[in-house]
Amino acid sequence: MIKVQNLSYQIGDKPILKDISLTFKPHTIYGIIGPNGAGKSTLLKHMMRIIEPSSSTVFLKDQDVTKVKVKEYAKQCSFVFQENPRDLDFTVEEMIAMGRYPYLDYMGHTTKADEIVIERIIHELSLEKLRERSMLNLSGGEAQKVFIGRALAQETPILLLDEPISMLDVHNSVELLNRLKTIKDQHQLTIIMVIHDLNLAFQYCDEIVLLKEGEVLLAASRQEVLESEILQQVYHHRLKIIHDHGNTYVVPRANEKEA
Ligand SMILES: Nc1ncnc2c1ncn2[C@@H]1O[C@H](COP(=O)(O)OP(=O)(O)OP(=O)(O)O)[C@@H](O)[C@H]1O
């Protein structure tokens, strides 16, 4: 279980996060949503420790994360950043293999067990045809899938993803979200992702955290958030909510800006 407690953060005199407290439980997909600049990535960066949180604000299994060794943290939490480096002269297979680094011995050797995981991830993300290709000449979407594969190869109980589908086409987005849902169910994972696509957020996320101007306005089940008027107010846009054969679709209404 990962928990954020009274987390505030400012840059200069600009408050970016305001007293955020959230508890993320296992076997749940969380969608962090909110308008541009709301503080979504900054919140995730604190949980990733890209921005080292001040003490007693982020806890992993009740332990202050600032006291957890980086390699130990890497066995518990894997990340995919919003912007990933593209100038990496490694093959796709080598990149996925990097996800195994917390488990390697001091010589950095992979074992048969590591190779089985790497093969499985390559297969599950349909990366077979790209496995020998250099990261240098992949498309944006292909590279994004590889970074997600590297995180999955870490086999952590917690997965933090900053806009994991931002570069993927419709088919690849849905395929990836289906895969995440399956591994969440199989391994009781906690998946926390920043996601802009409200329609997909409400189809795949069990819980929604709605941020605005550094504050949590609502953290609740997707159903509760859907039923709340606050969603349309925050985005200043009317949304059409369609229930069809057990699915719920959230669609922005064209030409109807202000809610
Ligand atoms: N280094 C920085 N210096 C000044 N302001 C910053 C810095 N980093 C982030 N900010 C500001 O902090 C706020 C929150 O940024 P953040 O990237 O967390 O938002 P976000 O909700 O993820 O936005 P988006 O949806 O556009 O990705 C924004 O107003 C941003 O301009």
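Two strands count as paired if DSSP finds at least two bridges between them.

Before I go on, a word on what we are looking at. This is a predicted model, where local features need pLDDT of at least 70, side-chain atom pairs count only at pLDDT 80 or more, and totals for chains, interfaces and linings use all residues. Residues are numbered from 1 along each chain as its sequence is written.

Now the sheet around that pair. E7 and E8 sit in an open sheet of six strands, in the order E6-E7-E8-E3-E9-E10, with mixed pairing. Strand E6 (77-80) and E10 are the edges; each has a single partner strand, so one side of each has no neighbour in the sheet. From one strand to the next, the twist averages 15°. Angles run from 0 to 180 degrees between N-to-C directions, and axes are lines fitted to C-alpha atoms, for helices over the stretch in contact.

What packs on this sheet? H1 does, touching strand E3 (28-33), E6, E7, E8 and E9, with its direction at about 145° to that of E7. H5 packs on the sheet as well, touching E6 and E7, and its direction makes about 175° with that of E6. Contact means that C-beta atoms, placed from the backbone, lie within 7 Å.

At the E10 end, strand E9 (residues 207-212) and strand E10 (residues 215-221) run antiparallel, joined by six bridges. Ile 208 has Ala 220 in E10 as its bridge partner. The two strands make a hairpin with two residues between them, and Glu 213 in the turn has a positive phi of about 45°.

There is also an open sheet of four strands, ordered E2-E1-E4-E5, with antiparallel pairing. Its edge strands are strand E2 (14-24) and strand E5 (63-64), each pairing on one side only. Strand E1 (residues 2-11) pairs with strand E4 (residues 58-60) over three bridges, in the antiparallel sense. Ile 2 stands opposite Leu 60 in E4. H1 turns up here too, lying across E1, E2 and E4 and running at about 120° to E1.

The residues surrounding the ligand include Gly 37, Lys 40, Ser 41 and Thr 42; a residue counts as near if its C-beta atom, placed from the backbone, lies within 6 Å. By class, the shell has three nonpolar, six polar and one charged. Nonpolar means Ala, Val, Leu, Ile, Met, Phe, Trp, Tyr, Cys and Pro, charged means Asp, Glu, Lys and Arg, and the others, Gly among them, are polar.

Last, a helix pair. The axes of helix H4 (residues 112-124) and helix H5 (residues 140-153) come within 10 Å and cross at roughly 145°. Making the contact are Val 117, Ile 118 and Ile 121 of H4 with Gly 149, Leu 152 and Ala 153 of H5. That gives five nonpolar residues, one polar and no charged.

Conventions. Two residues are in contact if their C-beta atoms, placed from the backbone, lie within 7 Å.
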